[in-house]
Amino acid sequence: MGEINEQIEEFEQSALNLLVDLRTGDGFNEKAYEKVAEMLALFEKEWKGISSISKKAATALIELYDELYNFSLNYAGEKSERILKAAKNIKSLITKCLEETGEPDLKENQIFTNLVKYLNEDGHFFEKLRNSKGLDEQQFEKIFQELESVLDMVYSWETLPKAFVAILIDFYEMDLFVYMYQDELHLEEEADKIYDAYERVFELIAG
C-alpha cells in the first residue's frame with residue numbers, strides 16, 4: 001500500500017509540475033509530461049484485472065485531461081498543438097488505465113443502477129452531446145439528482161469502481177462541450193445551457 005501511495009504522489013507531483021508551468025506561461029514541460037505518461041503506463045499494468053482503484057488515484061486522474069485541453073486553448077500555434085496532442089495521449093492512457101472496469105458489477109450494484117439507467121436513456125446522455133444533439137435538460141436533472149445521491153454514499157469509500165471513475169471523468173469534462181457548441185457549432189444558447197450544467201456538476205464533484 002505504501003508503494004502504491006508513493007507512486008500516486010509521484011504522479012500527482014509530475015502532473016502538478018506540468019500544469020503549473022502551463023498556468024504560469026512557462027510553456028510545455030516535456031520532462032514532466034514524460035513522467036506523467038510513464039506513470040500512467042505503469043498504472044495500466046498494475047491495475048489490470050482489478051475493478052476498483054483508490055480514491056486518491058481516482059482524484060489524481062479526474063482533472064488532468066480537462067485541464068490540459070483547456071490550456072491548449074490558452075496558447076497559440078505550435079505550442080497549442082503540442083499541448084492538445086499531449087492531452088489526447090493522456091486521455092488515451094487514462095482510458096487504458098480504466099479498462100477492465102468490472103462494468104457488469106457496476107450495473108448490478110444497486111447504488112449505481114439508476115445512474116447507469118439514466119445515463120443510457122435515449123441513446124446515452126454523453127453520446128448525444130458528442131453527436132451535436134444538445135443537452136437533454138430533463139435527462140440531466142434525473143442524472144444530476146442520482147449523481148448527488150450516489151456521491152453522498154461513495155465518497156466515504158476508500159476505493160472507487162473504475163467504471164464509476166470513468167463516469168466522473170465524463171462529467172468533469174462537460175465543459176469541453178461548451179467550446180464545441182460555441183466555437184464549432186455556433187449554438188450559443190446551447191453552449192450556455194451546457195456550461196450551467198457543468199458548473200453544477202463541477203461544484204458537486206469537487207465538493
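A residue is called buried when its relative accessible area is under 20%, exposed when that area is over 50%, and partly exposed in between, with a 1.4 Å probe and protein chains only. Helices (H or I, at least four residues) and strands (E, at least two) are DSSP runs, numbered from the N terminus. This is a predicted model, in which local features need pLDDT of at least 70 and side-chain atom pairs count only at pLDDT 80 or more, while totals for chains, interfaces and linings use all residues. Residues are numbered from 1 along each chain as its sequence is written, and side-chain values use heavy atoms, with hydrogens and water left out.

**Buried positions**

Helix H4 (residues 64-74) is largely enclosed by the rest of the structure, because 8 of its 11 residues are buried. The buried residues of H4 are Leu64, Tyr65, Asp66, Leu68, Tyr69, Asn70, Phe71 and Ser72. Ser72 is also touched by Ser80, whose other contact is Tyr75, where contact means heavy atoms within 4.5 Å and residues up to four places away in sequence are not counted. Ser80 belongs to helix H5 (residues 77-97) and is buried, at a relative accessible area of 17%.

Lys128, in helix H8 (residues 125-130), is buried at 7% relative accessibility. Not counting residues up to four places away in sequence, Lys128 touches Glu121, Asp122, Gly123, Lys133, Gly134, Asp136, Gln139 and Tyr181. With the same exclusion, Glu190 touches Gly134, Leu135 and Tyr181. Glu190 is placed in helix H12 and counts as buried at 16% relative accessibility.

**Salt bridges**

How many salt bridges does a search of the whole structure find? The search finds 14, a salt bridge being a side-chain nitrogen of Lys or Arg within 4 Å of a carboxyl oxygen of Asp or Glu.

| Pair | N to O distance |
|---|---|
| Lys56 and Glu12 | 3.4 Å |
| Glu38 and Lys35 | 3.2 Å |
| Lys91 and Glu173 | 3.0 Å |

Lys91 lies in helix H5 and Glu173 in the loop between helix H10 (162-172) and H11, so this pair ties together parts that are 82 residues apart in sequence. Lys91 is partly exposed at 24% relative accessibility, whereas Glu173 is buried at 8%. Glu38 and Lys35, by contrast, are 3 residues apart in helix H2 (residues 30-46), and are therefore separated by about one helical turn. Salt bridges that share partners join Glu10, Lys35 and Glu38 into one network.

**A negative patch**

Asp183, Glu184, Glu188, Glu189, Asp192, Asp196, Glu199 and Glu203 form a negative surface patch. Such patches are made of residues with over 30% relative accessible area and no salt bridge, with like charges joined within 9 Å and nonpolar side chains (Val, Leu, Ile, Met, Phe, Trp, Tyr) within 5 Å. Helix H11 (175-184) and helix H12 (188-206) each supply at least two residues of the patch, and the largest share, 6 residues, comes from H12. Glu184, which lies in helix H11, is exposed, with a relative accessible area of 57%.

Notes:
Accessible areas come from the Shrake-Rupley method with a 1.4 Å probe; for residues, only the protein chains shown count as cover. Lys and Arg count as positive and Asp and Glu as negative; His and the chain ends are not counted. The place of a charge is taken as NZ of Lys, CZ of Arg, CG of Asp or CD of Glu.
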